[in-house]
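Here is a short briefing to read with the structure open beside you.

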Amino acid sequence: MSDKEQIASGFNRETLIEAIKLGAGSIDKRGIARALGLKTGEQKHLLKQALGALEAEGVIRRDDQRNYSLAGELPAVCVVEITGRDIDGELLAQPARSEGKVPLIRLAPGQGAGGRGEAALGVGDKALVRLAADDEGGYEARLIRKLGHSVQKILCVLRKPAKGPYRLVPVDRRSRHELVPAKGESDKANDGDLVVCELARERRNGLKTATILEVLGDVDSPGAGSVIALHSHGVPTGFADKEMREAETVKAARMQGREDLRDLPLLTIDPEDAKDHDDAVWAAADTDPKNEGGWIVMVAIADVAAYVTPGSELDRGAFKRGNSVYLPDRVVPMLPERLSNDLCSLREGEERPCLAVRMVFDRFGQKKSHKFLRGWMKSAAKLSYNDAQAAIDGTGNAKANALLDTVLRPLWSAYAALCVARAKREPLEIDSPERRVRVGADGKVTGIELRERFDAHRLIEECMIQANVCAAETLEERRVPLIYRVHEEPSREKIDALADYLPNVGLKWTRGDKIATSRFNHLLKQAKGGEHYETVNEVVLRSQSQAVYHTVNQGHFGLHLQRYAHFTSPIRRYADLTVHRALIRALNLGDDGQSDEERSRLTSIAEEITQLERRAMAAERDAVDRFVALYLADHVGGEFPGRITGVTRFGAFVRLAATGADGLVPISRLGEERFVHDDRAHALIGEQTGGRYRLGMSVTVRIEEATPITGGLLLDMVTEAEPGPRPKRGTGRSAPAGGRTGGRPWKKGKRR
């Protein structure tokens, strides 16, 4: 940093490094600016440059949540793996991801010992911990939560081959080595059963042995794909006895002290198969002459806080889950059914407690005011998205048509005003189709379809966004700590990768310009209608940061909002429940709001529920993969159109057009010549002919294998490579994935 920059910014290199050191791995750019007292735009710009320079030098580093720490130190919150015990019997650990010298991490006395109904941590287990430097150059760790199962515990299928002893076949597609049941263990289960195993003592030669800890049922039974996904990711199912007793004995809320909203025709609009109903909406023209053409919109949310109080058994259980998990054939709810589907669900025609926000918008969709209230409502109707949209389109059923003039048309008119403000705000508009796996009562997949998106979906989405903004604004105004939903702008590395790719499809990204949602939207508009539109959407999506929960407001880049909090789904997200409690306390709406103890833990709660959300997403993806593989197992040998969505040194990933399934074409199945990966061109290129398989290329593939147990899909390439110049040897290309890549002899008729 130059002397001029030091004077202008008010800090030098040493003070910047000291601020990062004091932040202990939990300080981001905004926190550093506050710590150094930087206020002007010029100072913050110079800070950004200085941080970039220190990062490039390897002095500091950033974690996934954009927090800075010194390069040689671990972040304040870290995933560790238990490696052993010290002489005193306390657990020792090391970072799950480590480079170079590994520091000594010792769990604080008693940490990880387990409790009633909870297993203790053991060697091989992974855990999320909070670290503090000790006096010996190492770290002391305090447990936040255990992550999944021990690496020595493996989910397998017991198989009896035609010849030889039983085998234990891991369901994880990354595990290639079978196990052998230890002596007498095969008697615990039947051929084809899903079992949880633990490694036994290893043989000097041959396969490893394992003991069977738990039998989960037949791998071919209905729903096995979901059982595998849930167990593999450590998602808890069912509820503890204490939770169930509390749920069964909880008293129904009363209207006393609440605002009577029963005369308002609030209605719920949800997917047709929804069982719990978090939110209800209503709109009417504003009669205030000062707001001509304006609208009043009410969003009423299930008052879960009235039933799930801080520190209760239900609260502890909900926090342990973090959120509901949605799989093709089932839902693993965050709350017991008596709450999620009954007392807290805004059922049609039944009186329910709610926490509502009344919002006033002008005719251009700009919010003029809002007010939160604790209410007592009765849902006028339960409609599906299809029902509501059909009524607006003139093809509705009798139930929806009866609400057309009084409820639905005012809602659509209010939405039209909100759309004006949304267009001006210009949030990120990525076109990412969602596919739905339909599962029959027998557990078999009956079809895979593209989820249609109507204006009804967008209307509810925009109403919920506005309510979430109001929650964040109110709590900020009252100076009440809260958990924000944070989505940071893309990292420099991801933008560089995007800029490198775009010239391959005739587009460009000017690196020096400010990163903004409008730039991404302009890029997508340029691509629309062309052959690369789907790929550009995918690449733009991959360039985005992952949203997280955080107690420090960093804005929501994708929605282009300065402040945002999750408020609208407390039945299925713990984050929303914390926001409800904060509002109740801030606005004096009851004595069941945010407690002092919860307030003190908000940072760790945010970290925890972020990890639990990612766990749920991983389990949902895995379950979908397994159900899709089950569906495609009946189509092995069939040829399907698709698109290359990824290229690597070991092959091409292809997404099938009809099902959205992703499969791998190994590099050895691309052709007779040797192919190499060109990372700059995002293509696999033949060394002799220059023929290429590039990212986004439309291809036809043949299904070679579909394995429901692992969710794996192995494909053969049918489409010939596109012509291209022979590759020049040298920069920008990764080495081929071992040996001669076209060495497999092709069967007659295999290539066309």
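In this predicted model, Glu-534 and Arg-643 are joined by a salt bridge, with an N to O distance of 3.2 Å. The pair brings together distant parts of the chain: Glu-534 belongs to helix H15 (residues 533-542) and Arg-643 to strand E26 (residues 639-648), 109 residues apart. Arg-643 counts as buried because its relative accessibility is 9%, under the 20% cut-off.

**Around helix H15**
- Helix H15 also holds Glu-538, which links to Arg-655 in strand E27 (residues 651-656), 117 residues apart.
- The side chains of Arg-655 and Glu-538 meet in a salt bridge at 3.0 Å, N to O.
- Is Glu-538 buried or exposed? With a relative accessible area of 15%, Glu-538 is buried, while Arg-655, at 24%, counts as partly exposed.
- A network of salt bridges links Glu-534, Glu-538, Arg-542, Arg-643, Arg-655 and Asp-662.

- The structure holds 52 salt bridges.
- One of them pairs Arg-321 with Glu-243, whose closest N and O atoms are 3.1 Å apart.
- Here too, distant parts of the chain are linked: Arg-321 sits in helix H7 (residues 313-321) and Glu-243 in helix H6 (residues 241-249), 78 residues apart.
- Arg-321 counts as buried at 6% relative accessibility, and Glu-243 is also buried at 6%.
- As a general point, side chains of opposite charge can pair when their charged atoms come close.

**A positive surface patch**
- Which residues form the positive surface patch? They are Lys-29, Arg-30, Arg-34, Lys-44, Lys-48 and Arg-492.
- Helix H3 (29-35) and helix H4 (41-57) are the elements that give two or more residues to this patch, and H3 gives the most, with three.
- Arg-492 comes from helix H13 (residues 492-501) and, at 43% relative accessibility, counts as partly exposed.

**Strands E8 and E9**
- Strand E8 (residues 153-159) and strand E9 run antiparallel and are joined by four bridges.
- Val-157 has Val-169 of E9 as its bridge partner.

**A buried alanine**
- Ala-417, in helix H11 (residues 404-425), is buried with a relative accessible area of 5%.
- Ala-417 and Gly-293 are 124 residues apart in sequence, yet their C-alpha atoms are 9.1 Å apart in space.

How values were computed
Residues numbered from 1 in each chain as written. Predicted model: local features only at pLDDT ≥ 70, side-chain atom pairs only at ≥ 80, totals over all residues. Heavy atoms only, no water. Patch = residues over 30% accessible without salt bridge, like charges linked within 9 Å, V, L, I, M, F, W, Y side chains within 5 Å. Areas by Shrake-Rupley, 256 points an atom, 1.4 Å probe, with all protein chains shown as cover. Salt bridge = Lys/Arg side-chain N within 4 Å of Asp/Glu carboxyl O. Lys, Arg positive; Asp, Glu negative; His and termini not counted. Charge placed at Lys NZ, Arg CZ, Asp CG, Glu CD. Buried < 20%, exposed > 50% of the residue type's maximum accessible area, 1.4 Å probe, protein only. Pairing = 2+ DSSP bridges.
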